[in-house]
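This report looks at a pocket and at a DNA contact surface. Please look over the sequence and the structure before reading on.

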Protein chains: 2
Amino acid sequence: MPRVSQEQAKLNRQRVVEVAATLFRERGLHGVGVADIMAAAGLTHGGFYGQFANKDALAVEAFDAALAEDHRGSLDLLIANYLSLGHVQSPGKGCPLAALANDVAREPPGSSVRARFTHGVRQLAGLLAELMPKMSRERRRQRSLAALSTLVGAVVLARAVDDEALANDLIEAARASVAG
Amino acid sequence: MPRVSQEQAKLNRQRVVEVAATLFRERGLHGVGVADIMAAAGLTHGGFYGQFANKDALAVEAFDAALAEDHRGSLDLLIANYLSLGHVQSPGKGCPLAALANDVAREPPGSSVRARFTHGVRQLAGLLAELMPKMSRERRRQRSLAALSTLVGAVVLARAVDDEALANDLIEAARASVAG
DNA sequence: CTTCATGCATGACGCCCGGCATCTATATGA
DNA sequence: TCATATAGATGCCGGGCGTCATGCATGAAG
């Protein structure tokens with residue numbers, strides 16, 4: 001009920017974005033409501049509209065926040081982290097591209113979320129290209145896009161499958177394919 | 001309003017399944033209601049429960065129907081069809097794995113839809129393995145799983161992206177990677 | 001050919017959950 | 001003082017699933 005410090009308010013806002021980023025990745029864009037997010041952030045959903053224009057605006061910020069999570073390290077490390085059972089089992093902390101691709105694809109064309117998703121694809125592909133062995137610019141781009149597809153596909157399938165052994169096989173096969 | 005012939009009734013049932021298979025792939029498992037499906041089939045949603053136990057039962061049948069759609073031909077043909085802009089732009093007629101992976105992943109463990117999805121992964125992977133050049137059994141399986149991941153990943157990303165050129169690049173890069 | 005029970009499809013209804021957005025009150029930081 | 005961040009309740013509505021009495025043609029039986 002109280003008013004909190006501006007500092008605290010900023011922290012709260014940031015917290016809402018982080019929580020939203022997790023919940024969206026776990027349950028999908030339409031699987032979470034404003035009330036769920038605010039409750040998970042320890043707040044009530046009344047004050048939401050004082051901080052955000054609407055749910056879509058939050059979705060965009062949450063998507064950006066998820067993308068901003070650290071992607072540092074060597075190519076091998078990146079791949080090892082991406083293609084791991086931990087990543088498969090924790091969508092809420094993982095790659096937003098893999099977690100939300102289907103949902104974003106159903107969003108209307110021109111939607112702000114689609115724009116952010118597109119940016120994310122370019123960003124990750126660019127990161128992969130930078131970390132790759134030297135070859136022609138065109139070839140690097142092509143390789144990185146294919147590798148990104150393999151990474152996302154493997155994680156997406158491994159998550160949907162009801163057999164942990166098969167999930168692991170998918171991950172391992174992708175690893176061998178991308179690394180080799 | 002009238003009662004129709006038993007033959008017609010069978011056709012209607014079949015039609016409901018087909019329509020459901022399309023709508024689920026287009027809008028997701030939670031993006032379509034029973035009423036939508038029946039309406040799209042030219043029926044009213046009242047008679048649904050005379051033909052199906054509930055929505056989940058229909059979802060399972062619809063998933064199987066989508067998987068049963070023809071996958072014949074050579075490896076190159078299969079890949080060319082899968083990695084095409086046509087496939088990207090028509091999720092309702094395309095691979096249910098690519099269209100519903102995220103949705104299925106959010107379904108509770110042990111769900112019947114998850115079981116069907118898993119079966120679908122095995123089926124497609126097996127088909128790819130059969131069509132592949134000769135190598136050891138283990139290696140064929142590994143290759144086919146990796147190839148499946150690349151196929152699904154490329155289509156899934158291409159659909160979510162808001163730039164047709166980038167979508168095309170993803171498809172092409174995957175094609176070069178899987179074929180080569 | 002007539003009869004009639006069967007069963008498919010209709011269309012409305014009930015029920016309830018849950019979504020988004022708004023508004024007042026409150027307490028507190030500025 | 002007074003602007004403001006949060007609380008908490010409320011409004012409003014859309015839409016989901018499942019059920020039911022009704023109607024009527026079919027298809028089998030006599």
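## Pocket and DNA surface

The lining of the largest pocket draws at least two residues from each of α5 (75–82), α9 (137–160) and α10 (164–179) of chain A, and from each of α5 (75–82), α9 (137–160) and α10 (164–179) of chain B. Helices here are DSSP runs (H or I, at least four residues), numbered from the N terminus. The model is predicted, so local features need pLDDT of at least 70 and side-chain atom pairs pLDDT 80 or more, while totals for chains, interfaces and linings use all residues. Residues are numbered from 1 along each chain, chains are lettered from A in the order written, and side-chain values use heavy atoms, without hydrogens and water.

A pocket is an open set of points on a 1 Å grid over the protein atoms alone, where a 1.4 Å probe fits, with protein on both sides within 12 Å along at least five of seven lines; lining residues have an atom within 4 Å of a point. The largest pocket holds about 1000 Å³, the space filled by probe spheres set on the points. Among its 39 lining residues, R143(A), S177(A), G180(A), S177(B) and G180(B) lie nearest the centre. α9(B) gives the largest share, seven residues.

Of the 26 residues around DNA strand C (a heavy atom within 4 Å), V34(A), H45(A), Y49(A), K55(A) and R3(B) come nearest.

| Residue | Polar atom | Distance |
|---|---|---|
| V34(A) | backbone | 2.8 Å |
| D36(A) | side chain | 3.4 Å |
| Q51(B) | side chain | 3.3 Å |

Technical notes:
A polar contact is a pair of N or O atoms within 3.5 Å; within protein, one must be able to donate a hydrogen and the other to accept it, and residues adjacent in sequence count only if both atoms are side-chain atoms.
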